[in-house]
Amino acid sequence: MKNIYDELIFMGNDILYAVKDGKAGLINGQGKVIADFIYDDVSHKASIYYLDQDGLDFEYFNVTKDFYAMSLNGKIGVKDYSGKTILEFIYDRIKLLTIKDETYITAIKDDKYALFNSKGEIIISFGAYEKIYSIDDFLFAVEKDNKWGCLNIKDNWIIEPQYKKCCGGNFELELIVFKNDENKVGMVDKNNNIVVEFKYDKLHIIKSNCIEVKLNNKFGIIDNNGNAIIDCLYNQDEIECYDDFVIVKKQIKTESSIVALK
């Protein structure tokens with residue numbers, strides 16, 4: 001006989017959020033219960049994201065292949081699939097992050113942020129920063145006193161909060177993109193040495209040694225030392241970046257050219 005549920009939401013990793021008799025639990029694709037039906041039914045809030053201006057969202061329930069966060073009596077906690085409690089059910093919001101097969105847990109309690117590892121051990125204490133969010137692998141943007149910095153939880157280095165905004169980064173290259181008080185974007189290394197001058201309106205690391213930049217409403221390509229590969233003369237849809245080359249399309253003359261990347 002098939003099990004009938006009030007609600008089923010596929011969450012990835014062969015896991016479904018299920019509601020039965022007003023309580024939520026988790027089942028796998030074969031219908032086996034992997035989290036008992038004891039949790040709050042918050043499926044009606046599944047499409048509501050607490051998304052702030054820096055791109056961070058916290059969910060009412062979420063899963064990884066090893067852990068799940070659910071709501072119990074109005075509070076969020078984390079368990080593994082053996083039933084072991086990783087974080088007690090005392091938090092207002094939780095986000096599970098899988099970074100290169102490692103799980104990290106960002107939590108909010110009383111409007112304060114903290115970061116935990118997969119054992120439930122605290123990495124960044126509540127109140128150390130006003131906000132914390134992941135930007136690339138082991139890189140986390142942090143805010144304090146309305147200024148932003150960046151820390152690498154893998155290699156234990158930090159750029160103290162001093163910029164208007166953290167706009168991204170690349171863990172492998174150890175490069176971080178910031179916006180300064182003049183609303184100009186540039187890039188620094190892990191020691192806060194300026195690698196790309198703060199003069200751009202937008203900067204996006206596409207891949208190693210290929211960075212898309214926007215200046216005066218036009219787009220171009222620079223390398224990760226700030227040297228121009230393609231000057232900022234084009235609309236965004238006129239540049240296509242691939243592994244070893246960039247295609248530049250000039251729409252006015254309907255001509256195309258190719259530029260090799262060194």
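Strands β7 and β8 form a hairpin with four residues between them, and Gly 83 in the turn has a positive phi of about 100°. Strands here are DSSP runs of E, at least two residues long, numbered from the N terminus. This is a predicted model: local features need pLDDT of at least 70, side-chain atom pairs count only at pLDDT 80 or more, and totals for chains, interfaces and linings use all residues. Residues are numbered from 1 along each chain as its sequence is written, and side-chain values use heavy atoms, without hydrogens and water.

**Sheet**
- The open sheet has four strands in the order β5-β6-β7-β8, paired antiparallel.
- β5 (62–63) and β8 (85–91) are the edges; each has a single partner strand, so one side of each lacks a neighbour in the sheet.
- Pairing requires at least two DSSP bridges between two strands.
- β5 pairs with β6 (residues 67–72) over two bridges, and Asn 62 has Ala 69 as its bridge partner in β6.
- β7 (residues 75–80) pairs with β8 over three bridges; Lys 79 stands opposite Thr 85 in β8.

**Glu 143**
- Glu 143 lies in β14 (residues 139–144).
- Glu 143 is buried (under 20% relative accessible area, 1.4 Å probe, protein chains only).
- Glu 143 has no salt bridge (a Lys or Arg side-chain nitrogen within 4 Å of an Asp or Glu carboxyl oxygen).
- The nearest side chain of opposite charge, Lys 131, is 4.4 Å away.

**Confidence**
- Mean pLDDT (predictor's confidence per residue, 0 to 100) is 88 for the protein chain, and 89% of its residues reach 70 or more.
- Over residues 47–56 the pLDDT is below 50.
- Where pLDDT is low, predicted coordinates should not be read in detail.

Methods:
Contact means heavy atoms within 4.5 Å. Buried means under 20% relative accessible area, exposed over 50%, partly exposed in between (1.4 Å probe, protein chains only). Lys and Arg count as positive and Asp and Glu as negative; His and the chain ends are not counted.
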